[in-house]
Amino acid sequence: MQMTRRQFFRICAAGVGSSSLAALGFAPGEALAEVRAFKLARATETRVDLSTAFGAGADIIWADASAIRQVLLNLLINALQALENHEGERRVELRSRNSPNGSVILEVSDNGPGIPPEQRTRLFHPFVSTKTKGMGLGLAVCADILHEHRATIIVPDIGRPGATFRLTFPCPPPSS
Ligand SMILES: Nc1ncnc2c1ncn2[C@@H]1O[C@H](COP(=O)(O)OP(=O)(O)OP(=O)(O)O)[C@@H](O)[C@H]1O
Ligand SMILES: [Mg+2]
C-alpha cells in the first residue's frame with residue numbers, strides 16, 4: 001500500500017499520534033520549558049547557554065501540545081547541531097510572546113552560522129540537508145505539523161548573527 005506524503009511525515013513525527021485540533025489549549029511557556037529541560041544536559045555538555053524568555057500575555061496556544069513539542073524539539077536539535085563547531089560563546093534562546101494582533105509567537109534562536117536568505121525556503125522541503133548524517137526531514141515535519149494548525153514558520157532577519165525560526169499561531173483558535 002502506498003503511503004501519502006502526509007502519512008509519511010506523521011509517522012516520522014513519532015509520538016504525535018492522531019491529533020484533534022478541536023480546542024486543545026496549552027501554555028507555550030510550559031512547552032518551551034519542557035523541551036528545554038529535555039535537552040538541557042546535552043546543551044550543558046556542549047557548552048551551550050540554553051535560555052528562555054517568556055513574554056507577558058502569550059498564555060495559550062490552541063494546538064495539539066505533543067505535536068508542537070515535537071516541532072520545538074526538532075528546532076532545538078537543529079540549533080544545538082548548528083553550534084557544534086561554533087567558536088566562542090554558544091547561545092540558544094526559546095522565546096514566546098503575543099503579536100499586536102493577538103497571535104502567539106514562538107521563536108527558537110541560536111547564534112550559530114545562520115542560513116543565507118536564498119536557502120531559507122527550501123529547507124522546509126523534505127530531504128534537504130547539509131549534514132553528513134541528516135535525513136533532511138526535521139523541518140519538513142515541522143512545516144507539515146504547523147500547516148495542520150494553520151500556523152506559520154519563517155526564518156526572519158532579526159539583525160543578529162545566527163538563525164531564528166519564528167512560529168506564529170493564529171488567535172482566536174481555528175474552528176476545526
Ligand atoms: N539552526 C540552524 N542553523 C543553521 N542551519 C540550519 C538550522 N536549522 C536547520 N538548518 C539547515 O537546514 C537543513 C535542514 O534541516 P532539517 O532539520 O530539515 O534536516 P537535518 O537536520 O539536516 O536532518 P534531520 O532533521 O532529518 O535529522 C539542515 O541540514 C541545515 O543545513
Ligand atoms: Mg534536523
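Which helix gives the most to the shell around ligand 1? In this predicted model, the answer is H3, which contributes four residues to that shell. The paragraphs below begin with the ligand, continue with the helices beside it, and end with the sheet.

Ligand 1 is surrounded by 21 residues, and the closest of them are Asn78, Ser129, Gly134, Gly138 and Leu139. Sorted by class, this shell holds eleven nonpolar, eight polar and two charged residues. Two helices, H3 (65–82) and H4 (138–148), each supply at least two residues of the shell.

These two helices also meet one another. Two packed helices are described by the angle between their axes and the distance between the axes. For H3 and H4, the axes come within 9 Å and cross at roughly 150 degrees. An angle over 145 degrees counts as roughly antiparallel, and H3 and H4 are therefore roughly antiparallel to each other. Their crossing is left-handed. On the side of H3, the contact is made by Ala67, Gln70, Val71, Asn74, Leu75, Ile77 and Asn78; on the side of H4, it is made by Gly138, Leu139, Val141, Cys142, Ile145 and Leu146. Which classes do the residues of this contact divide into? Nine are nonpolar and four are polar, while no charged residue takes part in the contact of H3 with H4. Asn78, Gly138 and Leu139, which belong to this contact, are also among the residues closest to ligand 1.

The next element to consider is the sheet. Strands of a sheet pair through backbone hydrogen bonds, either parallel or antiparallel. Here five strands form an open sheet in the order E2-E4-E5-E7-E6, and the pairing is mixed. Its edge strands are E2 (48–54) and E6 (152–154), each of which pairs on one side only. On average, neighbouring strands of the sheet are turned by 10 degrees against each other, direction ignored.

E2 and E4 (residues 90–98) pair in the parallel sense over seven bridges. Within this pairing, Ser51 has Glu93 of E4 as its bridge partner.

Helices pack on the sheet as well. Helix H2 (residues 28–45) touches E2, E4 and E5 (104–110), and its direction makes about 175 degrees with that of E2. H3 also packs on the sheet, touching E2, E4, E5 and E7 (164–169); the direction of H3 makes about 20 degrees with that of E5.

Key
Residues are numbered from 1 along each chain as its sequence is written. Chains are lettered from A and ligands numbered from 1 in the order in which they are written. This is a predicted model: local features need pLDDT of at least 70, side-chain atom pairs count only at pLDDT 80 or more; totals for chains, interfaces and linings use all residues. A residue is near a molecule or strand if its C-beta atom, placed from the backbone, lies within 6 Å of it. Ala, Val, Leu, Ile, Met, Phe, Trp, Tyr, Cys and Pro count as nonpolar, Asp, Glu, Lys and Arg as charged, and the others, Gly among them, as polar. Axes are lines fitted to C-alpha atoms, for helices over the stretch in contact, and angles run from 0 to 180 degrees between N-to-C directions. Angles under 35 degrees count as roughly parallel, over 145 as roughly antiparallel, 65 to 115 as roughly perpendicular and the rest as oblique. A crossing is left-handed if the near helix is turned anticlockwise from the far one by less than a right angle, and right-handed if clockwise. Two residues are in contact if their C-beta atoms, placed from the backbone, lie within 7 Å. Two strands pair if DSSP finds at least two bridges between them.
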